[in-house]
Amino acid sequence: MSRIGVFICHCGENISRTVDVERVAREVGLLPGVSFSTDYKYMCSDPGQNLLKNAIQEQKLTHIVVAACSPRMHEKTFRKAVEAAGLNPFLCEMANIREHCSWVHENKEEATVKAVEIVGMMVERIKKNRILPGITVPVTKRSLVIGGGIAGIQAALDIADCGHEVILVEREPSIGGHMAQLSETFPTLDCSQCIMTPKMVDVANHPKITLHTFSEVELVEGYIGNFQVTIKKKARSVDEDKCTGCGVCMTKCPQKKIPNKFDQNIGLRTAIYVPFPQAVPNTPVIDRANCTWFKTGKCGVCQKVCGPGAVDFEQEDRLIVEAVGAIVVATGFDLYTIDEKPKGSAIKGYGEFGHGKIPDVIDGMTFERLASASGPTGGKILRPSDGKEPKQIVFIQCIGSRAREKGISYCSKVCCMYTAKHTMLYHHKVHDGQAYVFFMDARTPGKSYDEFWRRSIEEEEAVYIRGMVSRLYQKGDKIVVMGSDIAVGVQVEIEADMVVLATAIQPQKGADTLAQKLGISYDKYHFYSEAHAKLRPVECATAGIYLAGACQGPKDIPETVSQASAAAAKVMTLFSKDQLEREPIVARVREAGCVGCFACKKVCAYGAIEEKEIRDRQGNLIKTVAYVNPGVCAGCGTCQATCPSKCVELDGYTDEQIVAMIEAL
Amino acid sequence: MHPEKTSHTFEPKVIAFVCTWCTYAGADLAGTSRMQYPSNVRVLKFPCTGRIDPVFILKAFQQGADGVLVSGCHPGDCHYIAGNFHARRRFAVFRKLLEFVGVDLNRLQFSWVSAAEGGKWVEVVTDLTERVRAMGPMTEFKELALEEQWSGVIDTPELKEAFSQI
Amino acid sequence: MTNDLKYSYYPGCSLHASAGEYDLSTRELFRHLGIGLTEIPDWFCCGATPAHNVDELLSLSLCAKNLELADSIEGDVAVACAACFSRLKTAQHILGENDVKRKQVEQALDAPLKLDGNVKHLLEILAKDLGLERLAASVNKPLTGLKVACYYGCLLTRPTDVPNLDCAEAPTIMEKIIEAVGAETVAWTHRLECCGANFTLSRPGVVIQLTNAILDAAKAAGADCIMVGCPLCHGNLDIRQKEIEKVYSTSYDLPVFYLTQLVGLSVGLSPENLGLGAMIVSPFPLLTEKKLMETSLLDNQVSLPGIR
Amino acid sequence: MKKKKMIISQETMDVDFVRKVEALSDTSVRRCFQCGKCSAGCPMATFMEHPPNRVVRLLQLGQWRRIIEGRSIWYCASCETCSTRCPNKVHLASIMDALRKLSWDADGPSKESYVQLANKLFLQNIRTYGRQYEMRLAAVFNVKSGQFLKDLMLGPKLLAKGKLKMFHSKNKNLSEIEKIFSRIEEMRKNGKAL
């Protein structure tokens with residue numbers, strides 16, 4: 001039999017002014033199960049808490065109801081006090097008679113009656129409360145970072161600098177990502193490689209970071225603090241331990257005319273290659289699709305010239321398994337292309353711009369490679385078609401972005417700024433040239449950003465035209481740009497030598513597949529979803545997985561770096577304790593009744609519900625039931641309301657407790 | 001806010017099922033702002049509107065509630081990502097069912113009240129209370145409550161006939 | 001040649017008047033290819049641009065009425081005129097999506113709508129239903145050496161999701177057909193620009209300006225002739241060509257063929273049966289030069305036979 | 001030309017008119033974010049005093065009188081370039097149709113009477129003959145517009161080529177077309193049609 005203690009707080013006069021607290025204590029004391037009830041001036045004060053603790057000891061109370069302010073205010077306080085007195089904290093509930101009663105009513109009689117009923121409801125509820133033991137989850141203090149761009153690099157360095165091991169996985173042969181491709185960066189115009197490559201070297205040299213390039217995440221199992229990750233190391237055909245990075249193989253390779261993806265396919269590379277000279281690691285990779293040896297079985301020049309004997313044609317893909325406690329996803333972005341898209345794709349191309357078939361219509365990233373001192377033209381702006389210097393260059397913004405018709409309605413955020421930067425770089429390199437920019441809005445919030453944009457117009461003499469371009473077509477060696485200036489209200493036609501399109505930022509290809517492996521959610525564009533748009537912007541809804549950079553949405557470099565450090569801080573918070581403790585408000589499945597319909601699994605936003613097989617002693621499958629992983633469950637209870645056989649129960653909010661409250665009316 | 005004091009012959013019972021993150025906090029805000037509203041409402045706190053089983057609404061009517069309010073975070077603001085969307089779908093269907101069994105849907109109110117909308121909470125509660133007051137007591141389901149407590153004895157002619165047919 | 005293709009035929013007003021040769025060559029070509037073509041009895045004007053410009057309900061009702069008439073004949077609806085094609089397709093699209101408009105049209109026709117008929121432009125029938133391979137197989141006089149500028153105009157493909165004929169911005173269907181019968185195509189800039197047909201009556205000055213740009217671009221791209229699939233485009237490009245040459249003091253001399261005329265030539269139909277004589281800019285010097293026609297025919301004034 | 005100042009208030013912004021346009025055209029006017037792509041590609045923009053993007057802008061402000069007082073809508077060729085290329089799926093060609101219809105109904109003060117006249121004759125012809133009768137259309141247009149000699153040089157050439165028919169192919173179903181026209185008129189009178 002429960003011995004319930006009820007404590008009514010006066011809250012100074014805040015409650016007692018409109019609620020007759022003594023009467024409440026008296027009437028509640030008559031309820032069955034209540035063996036002690038009293039009122040006190042300030043329950044939350046030290047003497048108040050001591051009163052509570054002493055009463056528990058002296059009266060041998062088993063359940064406590066404190067009628068005072070909102071539980072959002074002091075529930076933790078009283079549960080702590082109850083715990084100190086030796087009771088399970090979840091055997092204490094609060095009845096809100098301040099915010100929901102004394103403060104919102106003036107008639108003392110009405111307020112008192114209501115207070116009695118509120119406390120009565122909580123008394124009936126607490127009779128059904130169960131002891132809830134705290135949940136602890138062990139934490140493996142190693143982390144996985146997926147993606148080796150600036151986001152992944154920053155997160156990996158921050159975590160590793162705190163002394164925790166980091167496994168960094170990168171799909172490409174080198175880390176560096178898109179930032180390594182950029183020429184100069186806004187708003188300061190410092191060289192991207194100059195600020196990026198030292199960080200890449202730091203990663204390579206960090207004793208706590210294990211780098212897996214040319215590798216992909218295959219499988220993720222487990223939950224927060226306890227993930228098992230299978231990583232596929234694709235066959236590089238070069239032994240990373242033996243290779244010294246001398247580069248002789250690359251100079252001797254006879255296949256020299258393969259378009260280099262790092263240079264947006266305008267530069268060329270060999271079949272055994274590193275994507276760019278400052279690559280980390282500086283170990284080449286053999287592009288098997290283009291290698292003579294792999295195509296014909298003859299050649300093998302690289303193997304012959306390699307001093308340390310690192311070239312290994314027999315190498316195969318390898319799978320490795322790592323145990324980690326937290327995962328940072330930093331897979332970055334991909335650029336929209338104006339090509340014709342496959343039928344059925346939600347995204348469309350730009351037929352009006354020739355579907356990418358006019359050679360001197362390039363995208364912003366290609367312009368970066370042209371402008372980069374280490375790029376295929378050595379930093380000269382030259383047309384891909386004939387190598388001439390363009391004297392009239394047109395930039396068009398919002399290509400793919402803000403284009404509902406093409407299937408993308410968001411703003412890509414960085415294009416306004418990088419286009420302004422491009423006009424400056426162009427003006428610095430082609431003094432007698434003229435840059436024109438077609439734009440609809442210039443979006444330049446950010447420190448020193450608007451000043452930068454204005455500088456491109458006022459000092460670097462770029463001509464900005466507010467209006468869009470309807471069509472591009474080749475006429476002789478010129479590209480005719482059919483645009484409009486909506487401020488003047490006329491059509492504008494420019495015969496340009498080159499056109500640069502500020503194409504939209506999209507998530508990486510395969511972002512959805514990776515999300516499914518990780519069990520995290522994504523939006524219709526396949527950007528990953530954060531747990532809360534405002535207050536939990538770097539965490540996934542799935543516990544233990546964090547987001548950094550443009551995989552979550554378009555971002556510039558400073559923002560990406562901040563988010564990466566924030567994600568690292570979240571990982572470090574998790575790693576600060578050996579055991580993860582959490583409130584035991586989680587759902588549980590009553591396996592006997594579960595019919596295995598998995599309606600709960602469908603509605604669970606956290607992927608907390610797993611399928612569990614129940615077998616007899618001979619190992620025969622009896623049935624498959626739902627299982628809630630307490631480490632992952634967030635305690636919303638949607639599964640319980642969904643369960644058709646009422647076999648999921650959310651601890652702390654069971655049907656029994658709720659019905660008891662309703663029945664107390 | 002001081003609504004005119006008038007005495008009523010009928011004081012309805014209104015039960016509010018609310019989520020803890022938005023509407024409960026909104027009701028707290030109404031309190032800290034010392035707004036005034038009818039004392040007829042009793043609040044039941046849930047982690048999320050997604051937890052609210054339609055059965056609770058039936059149960060509340062059965063237990064003599066004259067009006068029921070279900071309120072949570074605005075769409076898109078759910079603390080648990082999508083719980084309120086699940087709730088919204090569930091209740092859209094449930095309303096039809098309630099209507100089918102003959103409950104006047106004016107007794108049941110769904111709303112979104114955020115943690116910042118103390119004023120809206122007052123408005124919603126006041127409106128519902130006054131509406132239900134005008135409608136008079138809800139009697140239909142109280143009989144059901146009695147039926148639920150049926151002793152198991154087959155003592156009426158209808159029951160006897162039904163039993164013999166099985 | 002036999003095949004089981006059968007269509008109901010909606011010629012449209014122009015084909016019964018100023019574009020008689022389009023009608024003639026279509027019938028002759030389809031007969032030659034063994035494709036069944038039954039003219040919809042007592043079809044009405046689709047309303048064309050003037051109707052939808054000022055009275056959408058009327059435009060929709062006229063199209064719905066024609067689709068209802070077509071329903072009685074076996075097969076999809078074959079349409080020759082790009083404007084009629086666009087109107088019929090648009091009506092189907094709008095009436096399929098907008099319930100309010102659908103109900104009003106039902107009321108105007110005083111009958112339930114029959115919109116299921118598949119409306120197809122001749123291009124679609126040749127390139128997809130018959131297929132380029134079968135089309136190429138029936139060629140016996142390939143149009144070797146003829147450089148054709150394919151002119152789509154505006155209504156054949158726009159807007160993207162409605163006619164669903166080809167990509168609205170980079171269509172290739174005409175080029176594919178004309179290459180299948182042995183001719184060369186030129187890449188040119190103005191194949192999708194509007195000729196302003198809507199204003200041919202009210203604002204000829206506008207039309208002359210727009211059409212001149214198209215002719216100029218075709219000439220600049222090195223085309224011998226232009227191919228169209230629309231009697232309105234033809235009206236401007238062919239009938240007004242001499243006038244334009246006068247206004248701009250230039251010379252184009254670009255014969256403007258209907259697609260059925262060029263394809264007809266390649267399968268061996270005679271110039272009489274294709275109504276080549278009805279073209280204002282005579283095609284005979286060009287065809288003789290390219291050895292696609294016997295010289296003897298040059299002196300013979302081939303005239304357009306009357307409409308049956 | 002002196003331009004009138006635009007006085008903007010809830011009274012001067014005719015939201016009802018905009019809603020009518022939206023219902024007729026089945027597209028959103030508010031959605032346009034004024035990128036100007038429609039004006040960039042419009043073959044007729046050089047003939048219009050308000051380029052297409054500005055027509056939508058004026059509509060967004062509810063200033064439809066400024067639109068229909070001008071000739072822009074009557075210079076639209078209905079080529080649908082704007083609708084096809086609009087990044088925001090605003091079906092501008094349909095908006096133009098709706099504006100013309102509303103202006104036509106109001107017998108508005110348009111400057112472009114030739115286009116209106118041609119349209120009127122075109123529809124009259126359909127009502128009378130069921131089909132278009134090009135020769136009559138052209139002849140009546142010239143008479144009514146007072147341009148007796150317009151395109152006169154084309155006539156004989158077309159007749160010689162058999163392109164102009166002196167007599168029209170008859171449609172045996174004329175009563176049907178008359179019924180459609182009169183039903184629509186009836187519906188309009190009763191306010192049952194857009």
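I count a residue as buried if 20 or more other C-beta atoms lie within 10 Å of its own. I keep in mind that this is a predicted model.

**Entry 1: strand E3(A)**

I started with strand E3 of chain A, residues 63-68. Six of its six residues come out buried, so E3(A) is largely enclosed by the rest of the structure. Next I looked up which way the residues point. His63(A), Val65(A) and Ala67(A) go one way, Ile64(A), Val66(A) and Ala68(A) go the other, and all are buried.

Then I checked what E3(A) pairs with. Strand E1 of chain A (residues 4-9) runs parallel to E3(A) and is joined to it by five bridges. I looked up one pair there: Ile4(A) has His63(A) as its bridge partner. Strand E4 of chain A (residues 92-96) also pairs with E3(A) in the parallel sense, over five bridges. For Ala67(A), the partner in E4(A) is Ala95(A).

**Entry 2: helix H14(A)**

I moved on to H14 of chain A, residues 511-518, where Ala511(A), Leu514(A), Ala515(A) and Leu518(A) are buried. Looking down the axis of H14(A), I get these buried residues within an arc of 100°, so they line one face of the helix. On the face turned away from the buried side I have Thr513(A) and Gln516(A), which are exposed.

Which strands cover the buried residues of H14(A)? My list includes E11 (215-223), E18 (326-329), E28 (505-507) and E29 (545-547), strands of chain A. I also checked what comes after the helix: Gly519(A) follows H14(A), and its phi is positive, near 75°.

**Entry 3: a three-stranded sheet**

I looked up an open sheet in chain A with the order E24-E25-E26 and antiparallel pairing. Its edge strands are E24(A) (469-475) and E26(A) (490-496), each pairing on one side only. E25(A), residues 478-485, pairs with E26(A) over seven antiparallel bridges. For Ser484(A), I find Gln491(A) as the bridge partner in E26(A).

**Entry 4: chains A and C**

Last, I looked at where chain C touches chain A. Five residues of chain C are in contact with five residues of chain A. The chain C side has three nonpolar, one polar and one charged residues.

Methods: Residues are numbered from 1 along each chain as its sequence is written. Chains are lettered from A and ligands numbered from 1 in the order in which they are written. This is a predicted model: local features need pLDDT of at least 70, side-chain atom pairs count only at pLDDT 80 or more; totals for chains, interfaces and linings use all residues. Two residues are in contact if their C-beta atoms, placed from the backbone, lie within 7 Å. Ala, Val, Leu, Ile, Met, Phe, Trp, Tyr, Cys and Pro count as nonpolar, Asp, Glu, Lys and Arg as charged, and the others, Gly among them, as polar. A residue is buried if 20 or more other C-beta atoms lie within 10 Å of its own, exposed if 12 or fewer, and partly exposed in between; C-beta atoms are placed from the backbone. Helices (H or I, at least four residues) and strands (E, at least two) are DSSP runs, numbered from the N terminus. The arc is that of the directions from the helix axis to the C-beta atoms. Two strands pair if DSSP finds at least two bridges between them.
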